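User: Hi, I'm new to this one. Could you walk me through it?
Analyst: Happy to, here it is.

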There are 2 protein chains.
Amino acid sequence: MTQDIDQLAINTIRTLSMDAVQKANSGHPGTPMSLAPVAYELWQNHLRYDPANPVWPNRDRFVLSAGHASMLLYSMLFLAGVRKVDENYNITDEPACGLDEIENFRQLHSRTPGHPEYRWTTGVETTTGPLGQGVGTSVGMAMASKWLGATYGADLFDFDTYAVAGDGCLQEGISHEAASLAGHLKLDNLCWIFDNNHISIDGDTALAFSDDVLSRFEGYGWNVIRVGDANDTGLLGKAFNAFKAETGRPTLIVVDSHIGWGSPNKQDTESAHGEPLGEEEIELTKEVYGWPKDAKFFVPEGVRERFDEVIGRRGAELSSAWQEKLDASEHKAELEMLQHRGLPDGWDADLPSFEADEEKGLATRKASNKVQNAIAERVPWLIAGSCDLTDSTSVRLSDADQYEPGSYDGRQVHFGIREHAAAAACNGMSTAKLRPLWSTYLTFSDYGRAAIRLSALMELPVVHLFTHDSIGLGEDGPTHQPIEQLMALRAMPHLDVIRPADANEVTEAWKIALDRTHCPVAMVMTRQTVPVFDRSKYASAEGVQRGGYVLADAEDGDPELILIATGSEVQLALGAHERLAADGIRSRVVSLPCWEIFEKQDQSYRDEVLPPDVVARISVEEGATLGWERYVGTEGAIMGMSTFGQSAPFADVEAEFGFTVDNVTKVAREVAERAAKSTT
Amino acid sequence: MTQDIDQLAINTIRTLSMDAVQKANSGHPGTPMSLAPVAYELWQNHLRYDPANPVWPNRDRFVLSAGHASMLLYSMLFLAGVRKVDENYNITDEPACGLDEIENFRQLHSRTPGHPEYRWTTGVETTTGPLGQGVGTSVGMAMASKWLGATYGADLFDFDTYAVAGDGCLQEGISHEAASLAGHLKLDNLCWIFDNNHISIDGDTALAFSDDVLSRFEGYGWNVIRVGDANDTGLLGKAFNAFKAETGRPTLIVVDSHIGWGSPNKQDTESAHGEPLGEEEIELTKEVYGWPKDAKFFVPEGVRERFDEVIGRRGAELSSAWQEKLDASEHKAELEMLQHRGLPDGWDADLPSFEADEEKGLATRKASNKVQNAIAERVPWLIAGSCDLTDSTSVRLSDADQYEPGSYDGRQVHFGIREHAAAAACNGMSTAKLRPLWSTYLTFSDYGRAAIRLSALMELPVVHLFTHDSIGLGEDGPTHQPIEQLMALRAMPHLDVIRPADANEVTEAWKIALDRTHCPVAMVMTRQTVPVFDRSKYASAEGVQRGGYVLADAEDGDPELILIATGSEVQLALGAHERLAADGIRSRVVSLPCWEIFEKQDQSYRDEVLPPDVVARISVEEGATLGWERYVGTEGAIMGMSTFGQSAPFADVEAEFGFTVDNVTKVAREVAERAAKSTT
């Protein structure tokens, strides 16, 4: 093997990827083969990254947005000798991704799943696979770098973010939102590498794609550089240097590549994209690479060491110099707290408690604003943004500057009308340990849903804040009135959905949200005014901490009927409860703001709140009925929405669909009577 | 009032809009005020539209993508004298939107809801309001025009589609997908009008938006025209003429406008966007317009007539000339059938029936392909597309050409990796009465969810086809394995979600889908092979027509235990059923492919399938557990997913999460024993 060590290393990335996919009999070999020189040049000669300290806060980020090419990343993690970090952020002596893991590609419990998974494999900076998510997330990482630099000093934070995108990523709508936002924000620390290989799953990209990418990205205010040959590491190096020298614009490097490079029969074809090459073709390709054709998972002598010598040595120097700076910094303690997702002592000292106000009331979105502001005062790294609905969703921080070029320490982000990018950017900011929240109307959570899912999958404590949470928003009508969104969010694993009933439940909800270090929260708020309940008459809002609680009870604590409600409908349940009491019907009102937390309570608490022998139950929630059987059972009544809404003033809409105290009382009576009959 | 009649008409649009919003005390006056000349010039002098026949199939389409400006559209419908069409496509003598409706803007049951609603107000070509949906849908309309023209003759079909987009529409990711697709397809019959008013809800668009829209759209291969003044109808006319003369490219007309034009204190401010101007400002503005300041909903003499003289006369001539052509056409009967959402006699004559094959089996996606092809042979206007997953989702039509420039009669659409645009374009094609289906993996239904919702809200019989429908897809791992998507789709009103268990259920599912004239269907299919059940041993797949049915029963028809499953998990339920039978435990297997249809069956059928006294029940579905309590009740067991999945070969993943016959049998035994105890 007469090739120089760098070429050997590049071919090692290629052959490991081919072998892993072949052994797994599943995966995507073609892109790791074509982009091996790109990854190699970037990691070895540009990326400020310390394999021995992969959680160094100022490391450059490498995002494989084309997540199906996961073997490219795993090969790099292995060859660069990235070390595994445990759950407590301690660096271990184990490799993040050893050769054994590569040989176990796509097998159960391996660290090498089909697509890169954040928190599963050290060195994976974000989960990718759903196309476009990586580029969206990368914008948040770049934003975080700017924010950290502006806040704590550019000598401490100036990391760059690189994202490798395929044509799929650039076809997805999120790429538009993300690129447009990055251009607007002049994120010159962001570099996307477009793998221009002209092949997608169906065949030539020309089947569906004719964009002039250069013109498109110039329209976003990006610097666009073209590298005509993915194998030309010299040109690639120049392109990365040009990116680093650029100011005021993000950079797109368009790299012309050949998928499955070197494969005599599969290069430049869709068959190299998503299936193993086959043993025979692998042998032929290894011949092209000057590789021993029978060797599997072969790592030539000197290759691993070459990484230690270059990225390893450079990274160690950079990260230890940084640590010295940190040690000398006045911000050390705060930054360590931030990096460990801690919160300042007394962060919740000023959280508002709201006086009872059953007449005038307060929209929960507005209560939320007061709480957010109290938190923002004490938690400097809380960042609030909205999708052109800053005041509508009440996320304006009263003392915050706008986050924009020239004031990157601002904490009020105008994401634009870009819900998908907003959610993804919050994921990115969260990977850098900021505490981001973004907001839109609940209906439009649909637009960001794929990125919300990733926050749940990555266990990132992002706050997704949604207002205008029911038909109660009124005149805007069916297009804006959420029906199914609330239950659809509840169906998502590892996402806590909280819909507070009044201002004091809002305060409790925010305590939960901030307390979460590894779980996103969806906060669901009203547009319309709701009463602030008299907590001297009803139970304390602290019950929110258990997901659900008895808000009002039958006098003897022995209800014959349970009304269960969330959010703005709790007032209807309470109204019915009082009327029923006047008629001698013993009812209980359960406020159930967070199903996920309630489900985690022990059985005895749940039975205490919802005694199994009380089968006469009614749920009241202005959303899809699906799912409420969990609490109402088969004997009860579910008051919800089975159709889309209507455009009208909110009281008219609510009356139209039966959401009045009168009607809840009527249904409650019927259920109580039915239950009384069935037991006698 | 000395202004010429055209200016009077333009100011009438403006003042009606201002008055309606003021009276409703809710709405968006600013854009109707600024765009009144644009709408007027377009409708009067360009739009091929017959107000007396608003369902004329070859009419040009006008889409108000900026749906919040609904009063602009309602004013046009009123002034142009558009007539109401009833549910049976009959044109009535009533106005689609009379002055009384305008005075009832945003009130319950009015024809003037907050955002334009398709099928609710004649003349509204598509529901808009969720930003970007209108432009997405417009691409499908333009595609349909090309397809109809190429298939039935350009003398019959050559309609143009105009869409008015705000900055919000162009910021949304869907606008990228849609514009990129339209440019690729060279849809020169598509014209977007960008209302470049520099104002969004939060304030100046510069807060969040710096795109060079011209460069961006040139990157998509569009012709871009700039009109520097929205009040200059002469320039606007030239721009529309340039669009009509253009070949081979869609057109974007960038119109510089002033939101709230004419309002002395609110023009060019965000306060003109989304709230009433206020009585005082309305008076001041009416003065600017030379309008009687106290008159409300004032329509000067001659204005209505002016519309009759221009668009009315032109439209009548065009539509009657068209009708003559249709009457002479060999395609008349077929086109009338198409327009009424009919299907050719015998359309289902060749639908495959699949022989039992419990060994080798057949993935439901593959069975679906056979059924689709049988339908496509008989229903010429079935159009199938995918998002770069044509063969993965098995939607390739064996005899179809690709839909592309030069073969617009093709029926195989390559939407590109653009799920959101694909779903929206299908909505657009469906408004033109084609029968479109599009496909992706179930997980990525999230990307198109907002457009799927609109198909449900608009009652469009689009087929949304999703494959790779569970953790059973295997190695691709958690990012690709749907968990919550199935239940989240079920939560959506007016969408039938069907998850067939085997090939013969697939055939039945397609019968349902085609039979729907006013309801979209989500088809949910496996990647992996599943048995084709022996229907001589089990019940007929025709039970799918009732949503759920008894597939296998206890020998005596008196089960002590019911196993309920969908899709690929039905085989597990059957396997357990047979083992339980061997042990003398009497179980029933219910296949429940479509909850929505099952819910619509009468109580007696539902009780027959799920006898209320059999409380020992188990559900088996590889998805979110939320919702299953509806069928399993409080005594049963729900076998589902409460976490995200894992990357591994599918059998390993299924075993990891307990989806094996062994485990289902074990759980079933436990449930049966528990139930036996509680009854003794």
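Analyst: A term to start with: buried area is the accessible area (1.4 Å probe) that two parts lose on being put together, summed over both. This is a predicted model, where local features need pLDDT of at least 70 and side-chain atom pairs count only at pLDDT 80 or more, while totals for chains, interfaces and linings use all residues. Residues are numbered from 1 along each chain as its sequence is written, chains are lettered from A and ligands numbered from 1 in the order in which they are written, and side-chain values use heavy atoms, with hydrogens and water left out.

User: Thanks! What area is buried between chain B and chain A?
Analyst: About 8,000 Å², with carbon and sulfur atoms giving 54% of that. Tyr447(B), Arg453(B) and Leu626(B) supply 9% of the area that chain B buries against chain A, more than any other three residues.

User: And how many residues of chain B are in contact with chain A?
Analyst: On the chain B side 99 residues are in contact with 99 residues of chain A, contact meaning heavy atoms within 4.5 Å.

User: How many salt bridges are there across the interface?
Analyst: The rule finds eight between chain B and chain A; a salt bridge here is a side-chain nitrogen of Lys or Arg within 4 Å of a carboxyl oxygen of Asp or Glu. One pairs Glu629(B) with Arg630(A), whose closest N and O atoms are 2.6 Å apart.

User: Which helix gives the most to the chain B side?
Analyst: H15(B), with seven residues in the side that touches chain A. Helices are DSSP runs of H or I with at least four residues, strands are E runs of at least two, and both are numbered from the N terminus.

User: Switching topic: where is Leu108(B)?
Analyst: Leu108(B) sits in the loop between helix H4 (99-103) and helix H5 (133-152) of chain B. Because its relative accessibility is 25%, Leu108(B) counts as partly exposed, the class between buried (under 20% relative accessible area) and exposed (over 50%), using a 1.4 Å probe and protein chains only.

User: What does Leu108(B) touch?
Analyst: Leaving aside residues up to four places away in sequence, Leu108(B) touches Gln646(A), Ser647(A), Ala648(A), Asp652(A) and Glu656(A).

User: Last one: in which sense do strands E2 and E3 of chain A pair?
Analyst: Antiparallel, over two bridges, with E2 at residues 83-85 and E3 at residues 91-95; two strands pair if DSSP finds at least two bridges between them. Val85(A) stands opposite Ile91(A) in E3(A). The hairpin has five residues between the strands, and Tyr89(A) takes a positive phi near 65° there.
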